[in-house]
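The sequence and model are shown first.

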Amino acid sequence: MKFLVNPSKFNEIADYIFKPVLILSIILFAIGLLFSFYLSPDDYQQGSTVRIMYVHVPSAWLALLTYAIMTLYSVLALAFRLPFGFIFNTAVAPIGAVFTLICIISGSLWGKPMWGTWWVWDARLTSVAILFVIYLIIIFMNLSFENRIIREKVVAIFILVGSVNLPIVKFSVDWWNTLHQPATISKLSKPSIDPSMMTPLIIMTFAFIMIGIAIAILRIKTEIISRKSYLS
Amino acid sequence: MIILNKIISFYYREYKLNLSGFQDILTNIVFFFVSIFIFIFSIGPEKEKISILGIGIVWTLLLLSSTLSLRKFYQDDFENGNLLIMHLNGFSFGSIAILKTFSHFLFVQIPFLISIPIASVLLNIANDKLMYLFASFALGSFILSCLGSISSSMNLMNQRNFLLGSIIVMIFSVPIIIFSVGIINMEENFNSLISILFGILLIVFAINPWASGFCLKLSIENN
């Protein structure tokens, strides 16, 4: 598992797994979209709009997961002086921002027919919007510092401070009375979702994870190359 | 005793600096009142409407105008080298952060606290709510000072994007605004809300010396 912290080992592994991951993600997207558009049933209340869930939920999970991994890498980078963590943070922040944006846009497209409004100021929606702004601040900080050494450490500190938002996003539906429904799948008891809807959701989640990994590999490799040219 | 002397001389220096630059603090206050005028002109002069919106307006403008002066939190001392001299005189970076936070609270936020009654007269806020506004702002402004210390120490070497520090403070002050305005509007569970606010204060006060001390150290080492 050394390729997760070592840039040169990462380059070797990434060359092997980039194409398989990309092809796998395309295949999974094809199967998942087929399932979610044609092979899954309509909801008895929501009708066909329930199909937005197959994009909305995976992107929301991945927005949170990306931030959690960035937090982990910031701790590793600051505590054990691993520069790969800084590379990872710089490369992955825009991906997380895009996932959050997909989540917000698909959610408001889903909210217009179901709740009757594009946006409500309830706890889940507000905390996800704050997550998006935190991602934007990380990107802006990456763009606006001139000294690279200061930039990466300050951004890592900011990621650590901003990670207080993660549990708020996760538990906001349990702590407050929100219009957004509480968790149906990622809870301790049995998931309260029908298997016919669970299958496309899981396939789409893996498709999102694979495309995320593929883009992240590209961006991390670019970042490593740019740092090498910066040092030499 | 030597440490006490050092701390006293630190605050004497801060007092002298803030006295000589008193017009900056006054400018903040004037900004606060002018934006209250602007708000009233944009809403309209009906008393009922203003008294509903008044507390939200006061809190928003207090937040905005106290983030205006964040640029001066560490920047002047950093650029003329006083931060390094303080560190060489035996203050660790974390203790510099704590002392500076108290000084910012004393010299920037206390004037706002004094000007709240005048603002409440302008915005037609009821007298019984004024006490809650005071209590929530006394706690909330200290949290704002801590957050300002963190964000301005992060942006010391940021030469391009000065607004980023204000955005960082504003995004982290969302829970403070929620609970402070909640204190004023729902008076029956005053105790629980003010304990939540106090808890946030303790968390931020504990994070502050680590985060801003680390960023100060980083900026001074790499300058």
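How many of the 223 residues of chain B count as buried? The share is 34%, where buried means that 20 or more other C-beta atoms lie within 10 Å of the residue's own, exposed means 12 or fewer, and partly exposed lies in between, with C-beta atoms placed from the backbone.

## Basis of the model

This is a predicted model, in which local features need pLDDT of at least 70 and side-chain atom pairs count only at pLDDT 80 or more, while totals for chains, interfaces and linings use all residues. Residues are numbered from 1 along each chain as its sequence is written, and chains are lettered from A and ligands numbered from 1 in the order in which they are written.

## Chain B overall

Chain B has 10 helices and zero strands. Helices (H or I, at least four residues) and strands (E, at least two) are DSSP runs, numbered from the N terminus. The radius of gyration of chain B is 18 Å, close to the 17 Å that the globule rule gives for 223 residues, so chain B is as compact as a globular protein of that length. That radius is taken over C-alpha atoms, and the rule is 2.2 Å times the number of residues to the power 0.38.

Along the principal axes, the C-alpha atoms of chain B fill a box of roughly 55 × 35 × 35 Å. Of the contacts in chain B with a separation of 6 or more, 82% join residues 24 or more positions apart; two residues are in contact if their C-beta atoms, placed from the backbone, lie within 7 Å.

## Where the chains meet

The contact between the chains takes 17 residues from chain A and 19 residues from chain B. On the side of chain B that touches chain A, helix 7 (127-154), helix 8 (163-172) and helix 10 (190-221) each supply at least two residues. Helix 10 of chain B gives the most, with six residues. By class, this side of chain B has 13 nonpolar, five polar and one charged residues. Ala, Val, Leu, Ile, Met, Phe, Trp, Tyr, Cys and Pro count as nonpolar, Asp, Glu, Lys and Arg as charged, and the others, Gly among them, as polar.

Leaving aside residues up to four places away in sequence, A:Ile157 touches B:Met154, B:Ala211, B:Phe214 and B:Cys215. Both A:Ile157 and B:Cys215 are among the residues with the most contacts inside the largest nonpolar core, which has 96 residues. Such a core is a set of buried Ala, Val, Leu, Ile, Met, Phe, Trp, Tyr and Cys residues joined through C-beta atoms within 7 Å.

## Around helix 2 of chain A

A:Tyr73 lies in helix 2 (residues 53-80) of chain A and counts as buried, with 22 C-beta neighbours inside 10 Å. Not counting residues up to four places away in sequence, A:Tyr73 touches A:Gly85, A:Phe88 and A:Asn89.

A:Arg81 is in the loop between helix 2 and helix 3 (83-114) of chain A. A:Arg81 is exposed, with 8 other C-beta atoms within 10 Å. Although A:Arg81 is not a glycine, its phi is positive, at about 55°.

## A loop residue in chain B

B:Asn124 sits in the loop between helix 6 (93-122) and helix 7 of chain B. B:Asn124 is a residue other than glycine with a positive phi, near 65°. With 16 other C-beta atoms within 10 Å, B:Asn124 is partly exposed.
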